[in-house]
Number of protein chains: 2
Amino acid sequence: MPTRGEGNRQYIIGVATRLFYQRGYNQTSFRDIAEASGIPKGNFYYYFKSKDELLNSVIDSVLETMNQRFRQLEAEFDRPLSRLKQLVGLLGEMSDDVMQYGCPLGSLSVELGKNNQELKSSASELFKVLQNWIKQQFSYMGKSEREAENLSLELLAKIQGVIIVGHALEDKTYLLNEIQKIAAWLEQQ
Amino acid sequence: MPTRGEGNRQYIIGVATRLFYQRGYNQTSFRDIAEASGIPKGNFYYYFKSKDELLNSVIDSVLETMNQRFRQLEAEFDRPLSRLKQLVGLLGEMSDDVMQYGCPLGSLSVELGKNNQELKSSASELFKVLQNWIKQQFSYMGKSEREAENLSLELLAKIQGVIIVGHALEDKTYLLNEIQKIAAWLEQQ
DNA sequence: GTCTATAAGAAGATAGAC
DNA sequence: GTCTATCTTCTTATAGAC
């Protein structure tokens, strides 16, 4: 059997990230992750002392991925408006997943809000980091502190709103159209 | 022990409705419902042949409650605009629950979308009924078919957006303020 | 580090006495 | 109709061989 060492840890986190999103945290068992990863479930306790700790590691990993993507957007696009439009474009690329599983950040936050307040706060951190980055982009665009705050919340609410409605109404065309409208709205700011 | 007959059925549905909302469907066990209702869990199978069937009954019951409330709003308020504002006002009254558990319709739809497509469609029905009623109110206000459709979706997306953002950011003040803004937006239509 | 076996308890569901 | 006891399976988690 191959020995991947610490690489195994990251691999487990990657598989868990996907399954937690697609099936929900509570509905994903170590058995599921074991089958999807090919790693016996007994091993998980060598890397994580509990399932909750695995979720915390997943959240940390998602946070890191988010920050990497932010830096990437900052390097690739000079104009903050372009960065925001790119972010919205990403939503369009994820539309199939979004239609089935909802927003990765929003759905996790809501699920954990129902029976795990501690982990819910961790998940909410992701949301706050995203909001802060968006806010900063609006600041770069010359908006005041207050305007940037309001616009960042407005953008987030628009995104979350069309995701839930598209998901619940099972209407992908609606979702795609609304994403276009959000991009157009961004252009006007 | 008291014999409540068919009243028991409705009583179980009522307790389950609340618990499914507060804890999530998958995270609510028959044991939980038994403890909260005082009815032994073995009895549930006399009224419902499975947990999924109980959820279906809950969804049916919520649908009926929604329709009752619609009729009530129609009887109590002549102007369709007043009815819609009242509906938004209801969201404000539920704000504490919404902050903790999210939207009763939206969160259920997202949860079921992750591992129970059949039940998810049933939950989505609730959403569609709500949208249709909202659309009808806009029609009564003189909007065209297309305008009424768009406005109903816009209202729903606004509501869902501020719920998720308020919930994830743990900011009740934001939620309450945004509900006020939605009411003001309604006024302009 | 990796793997198997298994413990301890909770889940949904059923049987059958009353 | 109501209730208890129990079956089966699945869960998280641990023990211990290799």
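This is a predicted model: local features need pLDDT of at least 70, side-chain atom pairs count only at pLDDT 80 or more; totals for chains, interfaces and linings use all residues.
Residues are numbered from 1 along each chain as its sequence is written, while chains are lettered from A and ligands numbered from 1 in the order in which they are written. Helices and strands are DSSP runs numbered from the N terminus (H or I with at least four residues for helices, E with at least two for strands).

The crossing can be described in some detail. Helix 9 (residues 145-169) of chain A packs on helix 7 (residues 104-113) of chain B at an angle of about 65°, and the axes are 10 Å apart. Here the axes are lines fitted to C-alpha atoms, for helices over the stretch in contact, and the angles run from 0 to 180 degrees between N-to-C directions. On the side of chain A, the meeting residues are A:Ile164, A:His167 and A:Ala168 in helix 9, and on the side of chain B they are B:Leu105, B:Gly106, B:Ser109, B:Val110 and B:Gly113 in helix 7. Contact is assigned to two residues if their C-beta atoms, placed from the backbone, lie within 7 Å. The residues of this helix pair comprise 4 nonpolar, 4 polar and no charged. For these classes, Ala, Val, Leu, Ile, Met, Phe, Trp, Tyr, Cys and Pro count as nonpolar, Asp, Glu, Lys and Arg as charged, and the others, Gly among them, as polar.

Taken as a whole, the contact between the chains draws 35 residues from chain A and 35 residues from chain B. On the side of chain A that touches chain B, two or more residues come from each of helix 1 (6-23), helix 6 (95-101), helix 7 (104-113), helix 8 (117-140) and helix 9. Helix 9 of chain A gives the largest share of that side, 12 residues. By class, the side of chain A that touches chain B holds 13 nonpolar, 16 polar and 6 charged residues.

The same surface serves both copies, since 100% of the contact residues of chain A recur in chain B.

Within the single chain, the picture is helical: chain A has 10 helices and 0 strands. Among contacts in chain A between residues at least 6 apart in sequence, 57% join residues at least 24 apart.

Helix 7 of chain A is mostly covered, with 9 of its 10 residues buried; among them are A:Leu105, A:Ser107 and A:Glu111. The cover includes helix 6, helix 8 and helix 9 of chain A, together with helix 6 (95-101), helix 7 and helix 9 of chain B. Helix 4 (residues 51-76) of chain A has 26 residues and reaches 37 Å from its first C-alpha to its last, close to the 38 Å expected at 1.5 Å a residue, where the expected span is 1.5 Å times one less than the number of residues. Its buried residues include A:Leu54, A:Val58 and A:Val62, and what covers the buried residues of helix 4 includes helix 1, helix 3 (44-47) and helix 8 of chain A.

A:Lys135 lies in helix 8 of chain A and is buried, with 21 other C-beta atoms within 10 Å. Not counting residues up to four places away in sequence, A:Lys135 touches A:Ala148, A:Glu149 and A:Ser152. A:Glu170, in the loop between helix 9 and helix 10 (172-187) of chain A, has a positive phi of about 55° although it is not a glycine. Most residues other than glycine have a negative phi. A:Glu170 is partly exposed, with 17 other C-beta atoms within 10 Å.

Note on methods: A residue is buried if 20 or more other C-beta atoms lie within 10 Å of its own, exposed if 12 or fewer, and partly exposed in between; C-beta atoms are placed from the backbone.
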